[in-house]
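Work through the exercises below with the model open. Each task is followed by its solution.

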Amino acid sequence: MHLIKSILHFAFYILTFAFLDAILRKEQKVIRVVPLRYDTVFKKAFGKPEVFCQFVKDVLGVEIHVERVIPGWRYPEPVGFVDIEYDLFAEDTQKRIIVELQHVREEDLFDRFLYYHLIALVEQVKSYADYQFDKTVYTVVLVTGKSIYENIPEFSYAVSNMDAVNEFGESLSVYPHRLVFLNPRFLNEKTPESIKVWLELIADSMDEQLDETRYTYPTLKKVIDEIKSDNITPQELKVIKDEAAWEQTKRNAFEEGHEKGLQEGRQEGLDEGRRQEKKGIVISMLQKGIELNLIAEITGLELEDIEDIKSRNITN
């Protein structure tokens, strides 16, 4: 009799657990999404003016009202020696906002985005007679890849404030410009709440599925609608696949080039590693059937150089 009662109690607990689990699963609504580490879907979702403006407000604490967010923005004329392109760009009469997405971390990541940030300031100066910056520049860099830096601590939110401070620790409030780095891989109790909700969604999308019932914030729901797998067009999917192939190829090539540079310990080795890295990227992309124009855009190489690599390394 005692054994029967034990079996019945055990069965009762099993059925109760199954019932509660079924209720919980019913309340969830897991959907398939495209990860927000891909430029195509990131620009599509965050390029919506209402999403962009709310994201900027939550991350920077500043208001901006724009009717248009420009993906792939370039200045009419190159500034400096590099013709840079911003992922997302918007400005009003007082503020210039740049949002960048970077998945594969590279050694020059922090220097490169500082350059992007400073160019947005330099471009405003049109004459030696007037060095005033009419627009405050805010650059937000979303870094989604794994860290490769041994001497840089992890973070979810890091800000470079250019303002000057006197010997009494007082801010002079003369440089309001800010460069902000966000990392959804290292969310913690110190992450500002207004930023955490965005980084949670981005991190949640990385495994290509998420429970949309977790997100009640109206603007986040708009982002989710844009990244649902069912809402991705065949043309967008093709570009995403090319991005994925390039991302993997570049990561592999970078790791090989980085390791080679470390082993040789010489500048010549680093330079050669970078050349071989870029060559390896081109060869892998050619083997995957990616178009020459897209390879040129991604790598920064001239079409003639790509065709030369193709003729020497790819057999028809």
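**Exercise 1.** Determine how many of the eight residues of α2 are buried, and state what follows for the helix.

*Solution.* Note that this is a predicted model. Step one: apply the cut-off for buried, which is under 20% relative accessible area.

**Exercise 2.** Find the buried residues of α6, decide how they are placed around the helix axis, and name what they pack against.

*Solution.* Step one: the buried residues in α6 are Thr219, Leu220, Val223, Ile224, Glu226 and Ile227. Step two: viewed down the axis of α6, these buried residues fall within an arc of 160°, so they line one face of the helix. Step three: recall that an α-helix has 3.6 residues a turn, so residues three or four places apart point the same way. Step four: the partners of the buried residues of α6 are β1 (30-32), α2 (39-46), α3, α5 (193-204) and β8 (209-211).

**Exercise 3.** Describe how α3 and α6 cross and which residues meet there.

*Solution.* Step one: the axes of α3 (residues 49-60) and α6 (residues 218-227) come within 10 Å, crossing at roughly 130°. Step two: that angle makes α3 oblique to α6. Step three: the crossing of α3 past α6 is left-handed. Step four: Glu50, Val51 and Gln54 in α3 meet Thr219, Lys222 and Val223 in α6. Step five: sorted by class, this contact has two nonpolar, two polar and two charged residues.

Note on methods. Residues numbered from 1 in each chain as written. Predicted model: local features only at pLDDT ≥ 70, side-chain atom pairs only at ≥ 80, totals over all residues. Heavy atoms only, no water. Axes fitted to C-alpha atoms, helices over the stretch in contact; angles between N-to-C directions. Helix = DSSP H or I, 4+ residues; strand = E, 2+ residues; numbered from the N terminus. Parallel < 35°, antiparallel > 145°, perpendicular 65-115°, else oblique. Left-handed = near helix turned anticlockwise from the far one by under 90°. Contact = heavy atoms within 4.5 Å. Nonpolar A, V, L, I, M, F, W, Y, C, P; charged D, E, K, R; others polar. Buried < 20%, exposed > 50% of the residue type's maximum accessible area, 1.4 Å probe, protein only. Arc of directions from axis to C-beta.
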